[in-house]
Amino acid sequence: MALVVVLVACGVIALVLQSQHDTTTEARRRSIAVAQTFAHSPGVLQALRSPDPSKVLQPLTEAGRKAAGVDFIVVMNTKGIRYTHPIPSKIGHRFVGQIKPSLAGKVYTETVHGPLGHEEQATVPVYDEHGKVTALVSAGLKVKNVTSEVDRQLPIILTAGAGALVVSTGGTALVGRRLRRQTHSLAPDEMTRMYEHHDTVLHSVREGVLIVDGDGRLLLVNDEAARLLELPSDAEGRTVRELPGLDPATADLLVSGRDASDEVHFAGGRLLAVNQRPTSRAGDPWGTVVTLRDCTELQAISGRAEVTRQRLELLYDAGLGIGSSLDVVQTADELTRVAVPRFADFVTVDLADAVLHGEEPAATATDMRRVAVGGIRDDHPLYEKGRLIDFLPSTPQARGYTAGRTELVTDLSTTDGWQAQDPQRARQILEYGIHSLISAPIQARGIVLGMANFWRSKREPFDAEEVSLAEELVARAAVSIDNARRYTREHALAVTLQRSLLPRALPTQSALDVAYRYLPAQSGVSGDWFDVIPLSGSRVALSVGDVVGHGLHAAATMGRLRTAVHNFSTLDLPPDELLSHLDDLVGRIDQDEASPETTGEIVGATCVYAIYDPVTRHCVMARAGHLTPALVSPDGRVAFPDLPAGPPLGLGGMPFQAAEFELAEGSQLVLYTDGLVEDRSRDLDVGMEMLRRSLAGHPDRSPEESCRAVLEELLPDRPRDDVALLIARTRALPAEQVADWDVPRDPAAVSGMRAAVSEKLAEWDLSELGFGMELVLSELITNAIRYGSDPIHVRLIHDRSLICEVADGSSTSPHLRYAATTDEGGRGLFLVSQLAEHWGTRYTPQGKVIWAELPVPDLAALLAE
């Protein structure tokens, strides 16, 4: 408390001195400012040159003094004789203070005893036009007024000091109360004695003690624990996982916070019995207290400590080293690497050949494929890797496979059944020095998948106690092998399903020259797809999409979405409307399939859909969360068009926007999935730039060559994600193969159109189609005149087929029906459907188009041949 009072007093004194200094400084600053302002005021020089300067300047100085809040403003000549003063009687007298510095052109401040009393004043020169000092101006404040400023601030300073004293006193009381509560009101000597006893007991016991907080940080470690775990001297305060040399299993236990009772762990070359209990503070979990006992000596007494340690190490390494992948052969190799040489000199793994294909194994040990061979030497006479073996029933492998139990052969030289499998090779094995065998079945879920064979040549034969260790090693590998087998089966099914869902061949069309690539990912099939869909009017739709995820679910979902795209495209919907329908479908799939069994299988997909018209060379595109397609111009330049980015499919609530582009003939449209440009080793922008470089500068390259060049540039040997790439070079339909007419809304115009169409067909050497086309055209134009609205337009396209299109301004679509015998009409569309190969309706912003396709005879004959 005394220290607090002294500190507050010193603070008050310091504040008073600082306040006095600041106030004096402020007074001088204000005096200088007022004097300089008046000295540079306009009209001062004229007043000084007047016959009576005092008469002019005295009113001005008094007004300025009151406005500036100073006690005086004095104007004097260069000899110090006053022209002005607050006391008029002092005018004409000599100025009290130094004027030499100011006559030399300097601003001079000082403290003097003048006519007004003790004063702080500043004197500045007044210059004429030639820079010569012609007069002086002095302004200042009385010291008592300066001191009054300090007096006004002193109560505030004292109040602040008193407040600081109160706060400090309260804080001291609170801290003292907290200390008494934490020390349970123990006196200092009592606390010292208690901590001495605590340290003596804690560091003298022959049992390790650790305290670990909830964040895994070591709060306390006694000498015995540091010795047992070989901890560094600075272990306290560090996290458990940072401690060097600590066994991972022991570290996992210390940070887990769970209860443990006499768990045996291997650490620092010792077997430790570990007990762990959680502690709490104020009822909340806080950390754990751990005790350690060295059990190594007890095990050494029984003569089995070293053996147990080695087996524990082996099993621990097996748990870490076996099953790192979903590959059957790699898992078998891992088993051989773990067991050699610590358990066996040679290890061979034989699996039923069906297991390698993901199928269920046979009931007998026939068709066994050797998938792994490992040993201390490479010149052994055992069967080589990859060999197909049919084990005889008398061999240990066949007996163990059939019965599902481990076979122990301590002396191979005395076992005739084993030698009967291959007498010559058996003799070589014995001559090589291999003398003992454990053949353990690789068994998972009650099914024997194969046999693991452990051979010894350089050490004592296997005994019965080592059989359990062999079974434990094989059991750890069996689960991983079975998982790999089931994965192989699922992968094969998914690949088969996906291949059946993706296009096997591109449709025949004249608008685009198309090439594509599809590459599955390393981890299996995914949900990428692509499509080329012919539409009415020689138009072609391009679609590329990507379903999130891998496996059967993604492949099946991809098939459903691809089928939906086909179905929606038959309606001749614009790209943005098609994506809206597809978005609703994905939302319904998520809603209908939501269940506890399908948690995490929510559909997420992206898609880009484009329609190209070879007659107008217009391309309309829209995308749903997909990457922007690339556009390669005929001169080899690459651009990514400004295509509005819609949300991914399934989110709902947001509309999609389409963009229309006019493409020059020979342009290439490149659609792709994110697996082509995205990778863990590079950013998306880098991948897009690599795609641009691989496409640019090759205007004459075919789409097939472009696909090959893009994959060589962007992809490693096997991509981590599925890749779908679709490159289409545009073609334009020649103008002479298209004819169109505007038709007045008059039934008499039908005959004129028939004549015009017949003439055009004769020009195209298609006169044999005239009769059928005239019937189709008459029916479609008659319907448009009778039921449609202006304008009515007819277009005839000569492509792979003969296409007739009749457009009108109405959105009412005709429907095909069977007319009754008593009906006077209703048979026209039926006639159209019989004469045309395909017919249909598509809607436009101006109305609708009814189209019909008739096969061209030459093409039909070619297809028939």
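I took a pocket to be an open set of points on a 1 Å grid over the protein atoms alone, where a 1.4 Å probe fits, with protein on both sides within 12 Å along at least five of seven lines; lining residues have an atom within 4 Å of a point. Volume is the space filled by probe spheres set on the points, which are joined across faces, edges and corners.

The model is predicted, so I noted that local features need pLDDT of at least 70 and side-chain atom pairs pLDDT 80 or more, while totals for chains, interfaces and linings use all residues. Residues are numbered from 1 along each chain as its sequence is written, and side-chain values use heavy atoms, without hydrogens and water.

Entry one. I looked up the largest pocket and found about 930 Å³ of space. It has 27 lining residues, with Arg-842, Tyr-843, Thr-844, Pro-845 and Gln-846 closest to the centre. I sorted this lining into eleven nonpolar, six polar and ten charged residues (nonpolar is Ala, Val, Leu, Ile, Met, Phe, Trp, Tyr, Cys and Pro; charged is Asp, Glu, Lys and Arg; the others, Gly among them, are polar).

Entry two. I put the second largest pocket at about 710 Å³. Of its 30 lining residues, Pro-534, Leu-535, Ser-801, His-838 and Glu-853 lie closest to the centre. By class I counted 13 nonpolar, eleven polar and six charged.
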